[in-house]
Structure formats: structure tokens, C-alpha cells
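I opened the file to look at how the chains meet. My notes are below, in the order I looked things up.

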Amino acid sequence: MVQDKLQKLGISLPVPPKPLAAYIPARKSGNLVYISGQLPLKDGTLMMTGPMTPGRNIEEAKAAMKQCFINGLSAATQVCDLESIKGVVRLGAFVSGTPDFTEQHLVANGASEIIPDIFGDQGYHARAAVGVSSLPLDATVELEILFEISE
Amino acid sequence: MVQDKLQKLGISLPVPPKPLAAYIPARKSGNLVYISGQLPLKDGTLMMTGPMTPGRNIEEAKAAMKQCFINGLSAATQVCDLESIKGVVRLGAFVSGTPDFTEQHLVANGASEIIPDIFGDQGYHARAAVGVSSLPLDATVELEILFEISE
Amino acid sequence: MVQDKLQKLGISLPVPPKPLAAYIPARKSGNLVYISGQLPLKDGTLMMTGPMTPGRNIEEAKAAMKQCFINGLSAATQVCDLESIKGVVRLGAFVSGTPDFTEQHLVANGASEIIPDIFGDQGYHARAAVGVSSLPLDATVELEILFEISE
């Protein structure tokens with residue numbers, strides 16, 4: 001059970017975000033659920049803002065990316081049952097950073113590493129990690145997720 | 001009818017762009033149509049160029065993003081009938097901007113807000129909005145679209 | 001046969017990359033194969049690093065983008081037979097560059113132009129090409145690929 005795995009990992013899903021005016025946090029199409037770009041919001045506050053730089057704490061950015069995944073998993077439950085989620089197909093990991101920051105792949109691991117713990121072999125996913133000039137609300141990271149569900 | 005909705009909204013679709021040498025504006029796969037990144041071209045000219053900055057007009061950028069969506073809808077008609085388009089699954093909204101511009105989500109609304117007016121409930125979509133350092137031809141915005149069609 | 005086309009083009013696929021700890025180079029979902037963002041690695045070394053600038057060699061960047069595609073095609077063979085690949089649905093082309101570099105579309109052609117030579121009409125694909133502030137390991141380009149396979 002997905003719920004059991006989350007509990008073992010000490011992860012409690014936040015209340016799913018309310019549908020926004022013009023777009024929605026999660027959209028189902030066939031057996032795929034597309035999740036909108038998630039920011040590292042925790043208890044209503046961004047965990048990390050501003051660009052990554054070569055000297056800035058990678059572990060903090062990884063934790064922010066993990067939070068994005070948790071928020072995205074919560075968002076998925078708006079359009080499907082948590083236990084119907086089989087795995088993750090793709091992540092799009094965006095890291096705000098200065099041009100000399102080139103460790104986006106390490107930051108993205110903050111999300112990637114937790115996923116097989118939750119979904120087993122079906123948690124292994126394709127991924128693109130890129131550095132961007134800035135993100136909404138000055139967030140340091142943003143994560144897009146594509147879940148696969150049982151039909 | 002989609003065509004009726006467009007007419008009510010005062011939107012006339014431009015002539016679909018010609019297929020280019022190496023890639024195409026729209027690619028069908030199953031009941032999904034993937035649209036290439038659209039620039040805010042209107043009558044052969046970019047509506048807006050150069051990066052967004054904190055002081056620059058958001059409404060102008062929203063209008064440019066709306067134009068990207070209109071161009072993408074026109075592109076879709078190269079591979080499917082306009083009336084077969086059921087809705088929008090995902091938008092990828094790229095906003096060229098300086099590092100201190102952090103309102104990509106507001107710019108992306110320029111596309112998002114028009115879509116439910118055209119497609120109703122099936123127009124509600126997932127979305128990622130990010131800031132990039134620059135875009136082709138110095139365009140201010142670029143929009144990728146994933147449409148769902150009836151099979 | 002795909003293999004014959006590659007041979008005619010003088011392309012030999014590299015050894016597929018080893019699955020990494022937390023994510024994988026290729027993920028199958030239905031009749032689609034999602035390829036992780038590929039860097040221009042050749043014989044274990046990045047072909048090109050650092051940002052594109054208006055004066056920098058476009059042909060070199062196109063060659064790097066072509067290499068990303070070749071690496072991605074190799075990655076696909078970890079989850080499907082090479083001959084089962086029917087075509088390419090979408091490319092996501094990321095080009096590291098300074099804000100005044102605005103020819104991402106020309107760089108992306110390095111991948112796009114080779115694809116119909118390999119897959120014929122089914123090689124024509126949708127595409128987004130954007131400029132980013134930096135990429136993992138300071139690579140100049142990164143390419144995400146969505147292949148369509150026969151079921």
C-alpha cells in the first residue's frame with residue numbers, strides 16, 4: 001500500500017491544494033496523471049527562495065525538491081485514488097540558479113531518491129533537470145510530475 | 001462547437017503554419033496532440049521581444065501568451081479536426097526574463113484563462129511556468145501545448 | 001530497418017548508459033518511451049560545455065545536440081527493441097546560453113534534422129527549444145526525447 005510506505009517514511013501528505021482559477025494541480029488523461037509544476041510550499045510558506053549558487057547548500061535544495069514531490073503526490077489525489085498510483089513516468093526538475101551553478105542533477109535527486117521507496121520498481125522514472133533564470137514567487141525549485149495509474 | 005466558442009470570443013484562427021524542414025507544429029500520438037513550442041507571432045511579427053523585468057507590462061506579456069495558444073490551436077488543425085479537440089491536458093509556459101522577474105505564473109495565465117472559455121471543464125489543465133534566460137528570435141514567451149482529442 | 005538506416009548514416013550507437021541510482025535513462029509507458037534529458041557525452045566526455053553566446057559556433061552546438069539524440073536512442077534500447085521504435089513524438093531541447101543568445105531553434109535542428117533520416121515520416125516531431133541559464137555539469141545542451149513504439 002502506498003499509504004503504508006508513506007507512513008514508514010514519515011511522510012504525511014498535505015491537504016491537496018484548491019483548484020485555481022485557470023489551471024488545476026492535476027489532470028488525468030487515460031492512465032496518466034499530469035501534475036502542474038509544484039513549488040516547495042510547506043505549511044503555506046516557500047521552504048527556499050532565490051537562485052542556487054556554487055556555494056549554496058545542496059541538501060537544503062534537495063529537501064525543497066522532495067517537498068515539491070510530496071505536494072505533487074497530494075495533488076494527484078484530487079483526480080485519482082492514492083492507491084491507484086502505480087509509479088512515476090517522468091519528472092521535470094527546474095532549478096533556479098546563477099549561470100555558474102551546474103549541479104541541477106544533484107538537486108533533482110531530492111525528489112528522485114524518495115520515489116522508489118514509495119513505489120518500488122515502478123518508481124524509477126525518466127527525468128530532465130535544467131537550470132532556469134528564475135521561478136514563480138522566486139522559488140528555488142519547481143517540479144513537474146507524470147504519474148502512471150492503474151485503469 | 002469549438003468554432004462557435006472561438007467566434008463568440010472574437011478569436012479567428014490564423015492560417016496554420018507550414019510544416020518546417022525538420023520538425024512539425026503538431027504531432028498526433030494516440031488521442032493526444034503534441035504542439036511545438038509556439039512563439040507570439042501575429043501577422044508574421046513577434047508581438048513581444050526581450051526579457052520580462054519587474055517593471056515591464058504583465059498585461060502585454062499575457063496577451064502574447066494568449067496569442068501563442070491561438071497559434072497552437074491553429075497548428076493542431078493540421079493533424080486533427082478542430083471539433084475533435086476535447087480539451088487541454090498540459091501547458092509548458094516559458095517566460096524569458098531577468099533573474100529578478102518572478103511572476104511567470106501571471107504571464108502564463110494569459111493562455112490558461114482563455115482555455116476553459118473554449119473547451120469548458122475539459123479546458124482545465126496542468127501547467128508548468130518557468131523563467132528562462134532567452135528564447136528563439138528573442139521572443140518574450142513560448143508555449144507548449146498538449147491537447148486531448150476524441151478518437 | 002532502423003539499424004540499416006543508422007549504418008548508412010555512419011551512426012553507431014554507444015553502449016547504453018547504466019541505470020543510475022534514483023532515475024533511469026528510459027521509461028516505457030504504454031506505447032511511449034520517455035527518455036531522460038541527455039547530455040552530449042561521447043566516449044565519456046562532454047563534447048561541449050559552457051553557455052552559447054552570439055559569437056559561438058552554432059555547428060559545434062548542433063553536433064552536440066545530434067550526439068544527445070544518439071545517446072537517447074541508445075538509452076531507448078534498454079526498455080524496447082530498436083526495431084520496435086516507430087518514430088519520435090516530441091523533443092525538449094535545452095540550450096545553455098547568455099541572455100543575448102537567441103538561436104536555440106538552430107541548435108535544436110542538430111537533433112531534428114537527423115531524425116527523419118532514421119525514421120522517415122514518423123520521425124517528424126513536435127518540439128520546444130528554449131534557452132536556459134545553465135545545465136548539469138556545465139553542458140551546453142540537453143535533450144529530452146519522447147519515442148513512439150509499436151505495441
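Entry 1: I am working with a predicted model. I keep that in mind for each value below.

**Entry 2: chain A against chain B.** I began with the contact count. Chain A puts 22 residues against 30 residues of chain B. I then looked up the buried area, which comes to about 2000 Å² for chain A and chain B, with 53% of it on carbon and sulfur atoms. Three residues stand out on the chain A side: A:Ala22, A:Arg27 and A:Tyr34 supply 30% of the area that chain A buries against chain B, more than any other three residues.

**Entry 3: polar links between A and B.** I find 16 residue pairs in polar contact across this interface, both partners at pLDDT 80 or more. The salt bridges number 2. I looked at one of them: the side chains of A:Glu144 and B:Arg90 meet at 2.5 Å, N to O.

**Entry 4: which elements of chain A take part?** I asked which strands each supply at least two residues of the side that touches chain B. They are β1 (26-29), β2 (32-38) and β7 (141-149) of chain A. β2(A) gives the most, with 4 residues. By class, I note 11 nonpolar, 6 polar and 5 charged residues on this side of chain A.

**Entry 5: chain C against chain B.** Here 30 residues of chain C and 22 residues of chain B are in contact. Chain C and chain B bury about 2000 Å² between them, 53% of it on carbon and sulfur atoms. I count 2 salt bridges. In one of these, B:Glu144 pairs with C:Arg90, with the closest N and O atoms 2.5 Å apart.

**Entry 6: the chain C side.** I listed the elements that give two or more residues to the side touching chain B: β2 (32-38), β5 (85-96), α3 (104-112), β6 (126-132) and β7 of chain C. The largest share is 7 residues, from β6(C). The residues on this side of chain C divide into 14 nonpolar, 12 polar and 4 charged.

**Entry 7: C:Glu148, buried or exposed?** I picked this residue from strand β7 (residues 141-149) of chain C. C:Glu148 counts as buried because its relative accessibility is 6%, under the 20% cut-off. I then checked its contacts, leaving out residues up to four places away in sequence.

Note on methods: Residues are numbered from 1 along each chain as its sequence is written. Chains are lettered from A and ligands numbered from 1 in the order in which they are written. This is a predicted model: local features need pLDDT of at least 70, side-chain atom pairs count only at pLDDT 80 or more; totals for chains, interfaces and linings use all residues. Side-chain values use heavy atoms; hydrogens and water are left out. Buried means under 20% relative accessible area, exposed over 50%, partly exposed in between (1.4 Å probe, protein chains only). Contact means heavy atoms within 4.5 Å. Buried area is the accessible area (1.4 Å probe) that two parts lose on being put together, summed over both. A salt bridge is a side-chain nitrogen of Lys or Arg within 4 Å of a carboxyl oxygen of Asp or Glu. A polar contact is a pair of N or O atoms within 3.5 Å; within protein, one must be able to donate a hydrogen and the other to accept it, and residues adjacent in sequence count only if both atoms are side-chain atoms. Ala, Val, Leu, Ile, Met, Phe, Trp, Tyr, Cys and Pro count as nonpolar, Asp, Glu, Lys and Arg as charged, and the others, Gly among them, as polar.
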